[in-house]
Amino acid sequence: MCHVVGQAIERAIERRQFLAGLGAASTLVLGSPASAKEMEEQRKRINASQAEASQFNTRLILLGTAGGPVFWPGTNRHGIASAVAVGDALYLVDCGAGAGRRLQEAQGPSTNGIGVLRDVRALFFTHLHSDHIVDYPALTLFGIFDGSHAKVPLKVFGPGRRNEMEPVFSPAGAAPHDLPVVNPENPTPGTKDMAGYLYQAFATDINDRIRDNHRPDPSTMIDVHDIELPEIPGFESPNKTPEPEMAPFKVFEDDRVRVSATLVNHFPVWPAFAFRFDTDDGSIVFSGDTAVSENLIRLAKGADILVHEVIVADWVRSMFPQPRSENDDAILNHLLSAHTAVEDVGTVAARAEVSTLVLSHIVPGNASNEDLAPAQKGFEGKLVIGEDLMQLGVGRR
Ligand SMILES: [Zn+2]
Ligand SMILES: [Zn+2]
């Protein structure tokens, strides 16, 4: 999520007392804890979904369903992460805060925490915002201890370098100013770079584990790839044409699954991908973070399940109440232009002709089901408001 989301979150947290006083906006209040009854109902829903899905060969497993670089108060949603299970093989999409723990919970007593990565064949990053990658070091570094290393290498696929600095966002009237640049020799690293930097950052730990505990070098467990883009007619540069019209292209294939990708519109972050998983049983598509995207609609055409990000636009607007300055309007529009409003996601699902729409990467992470209900607008298929550890089966039982 762009930094403006961070500003909105800070404002939201500062303003929660104020919002609580608004009454009408009470469903948008941060930090309102779920009641014991609500939590019990949620637990039953999740258990029922797991029991139902266990009869299927291909399953969607939601590990974490909140978006944004924040530990949302008043919810048990963890950071965005999902898995596709095909038989006993697992494929992960994104790795937000808590993904490792949620993966262990999803595996249940079958692992008892031993080797959480053991069935994971590949991990796919939609983009390199922290809320999608922050648990990656934990999976990697803990994986050398919990037995995971015995069954890997794990394949990792994610965006390559942007190779062009993004423009400075400047709300109406505000002058651009000099901003610091982190890691100036490579200010827009890709996934391979990130993995390499992590080994450097954790060298003290890794060298200790190798010498003192005779653990493997984690870099030998993981096979990291930057996703190579095909030739795209009309593509000029990340800043000029972030989402050029394109056909989906293949990223990965094994005996269980074929994964294809397309560029979506999460400007200024680039590349930002959506992924489609096709198995013998059916298909599951992940939007990644995006505004309403024609490429995504093309990728998702006819899929069984579309897992789509969503932002409660009323919540964002509540951060910038009327009367709004031109500056506020500019920030508000900038924020909403990188994500899909809950009122718009149903139309995306309808246009893609998917059977089931699953909301995940929910912002704010503590939005109520009532806040998310408008996602049904324009869509006659099945709407599922995603919850951590919920599972859905696809195709044959
Ligand atoms: Zn995100
Ligand atoms: Zn993002």
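Predicted model: local features only at pLDDT ≥ 70, side-chain atom pairs only at ≥ 80, totals over all residues.
Strands β2 and β3 pair in the antiparallel sense, with 5 bridges between them.

- Val84 has Tyr91 in β3 as its bridge partner.
- On the topic of pairing in general, strands of a sheet join through backbone hydrogen bonds, in either a parallel or an antiparallel sense.
- β3 also pairs with strand β4 (residues 120-124), this time in the parallel sense and over 4 bridges; here Val93 has Phe124 in β4 as its bridge partner.
- How much of β3 (residues 89-93) is buried? The strand is mostly covered, with 5 of its 5 residues buried.
- Ala89, Tyr91 and Val93 point one way from β3, while Leu90 and Leu92 point the other way, and all of them are buried.
- Setting aside residues up to four places away in sequence, Ser82 touches Ile61, Leu62, Leu63, Tyr91, Leu92, Val93, Asp94 and Phe286.

**The seven-stranded open sheet**

- An open sheet is built from 7 strands in the order β7-β8-β9-β10-β11-β12-β13, with mixed pairing.
- Its edge strands are β7 (249-253) and β13 (382-385), each of which pairs on one side only.
- From one strand to the next, the twist averages 25°.
- Within this order, β11 and β12 run parallel and are joined by 6 bridges; Val307 stands opposite Val358 in β12.
- Helix α12 packs on the sheet and touches β11 and β12, and its direction makes about 160° with that of β11.

**Nonpolar cores**

- Which residues have the most contacts inside the largest nonpolar core? They are Leu296, Leu306, Val354, Leu359 and Leu372, in a core of 37 residues.
- The elements giving two or more residues to this core are α9 (294-299), β11 (305-311), α10 (313-319), α11 (326-336), α12 (342-352) and β12.
- Of these, α12 gives the most, with 5 residues.
- Leaving aside neighbours within four places in sequence, Leu296 is in contact with Thr262, Val264, Ala274, Val285, Ser287, Leu306, His308 and Val348.
- There is also a second, separate core of 33 residues, and it includes Val86, Phe157, Phe249 and Phe252.

**The zinc site**

- Asp289 bridges the zinc ion (ligand 1) and the zinc ion (ligand 2), and the two ions lie 3.3 Å apart.
- His132 belongs to helix α5 (residues 130-133) and His361 to strand β12 (residues 356-363), so this pair ties together parts that are 229 residues apart in sequence.
- Both histidines are buried: His132 counts as such at 1% relative accessibility, and His361 at 3%.

- Helix α6 (residues 136-143) is mostly covered, with 6 of its 8 residues buried; they are Tyr136, Pro137, Leu139, Thr140, Leu141 and Gly143.
- Asp146 lies in the loop between α6 and β5 (154-158).
- Is Asp146 buried or exposed? At 17% relative accessibility, Asp146 counts as buried, because the cut-off is under 20%.
- Not counting residues up to four places away in sequence, Asp146 touches Gly113, Ile114, Gly115 and Val116.
- A distance of 50 Å separates the C-alpha atoms of Asp146 and Asn327, which are 181 residues apart along the chain.

Key
Residues numbered from 1 in each chain as written. Chains lettered and ligands numbered in written order. Heavy atoms only, no water. Donors = N, O, S within 2.8 Å, 3.2 Å for Na, K, Ca; no water. Buried < 20%, exposed > 50% of the residue type's maximum accessible area, 1.4 Å probe, protein only. Core = buried A, V, L, I, M, F, W, Y, C linked by side-chain atoms within 4.5 Å. Contact = heavy atoms within 4.5 Å. Pairing = 2+ DSSP bridges. Axes fitted to C-alpha atoms, helices over the stretch in contact; angles between N-to-C directions.
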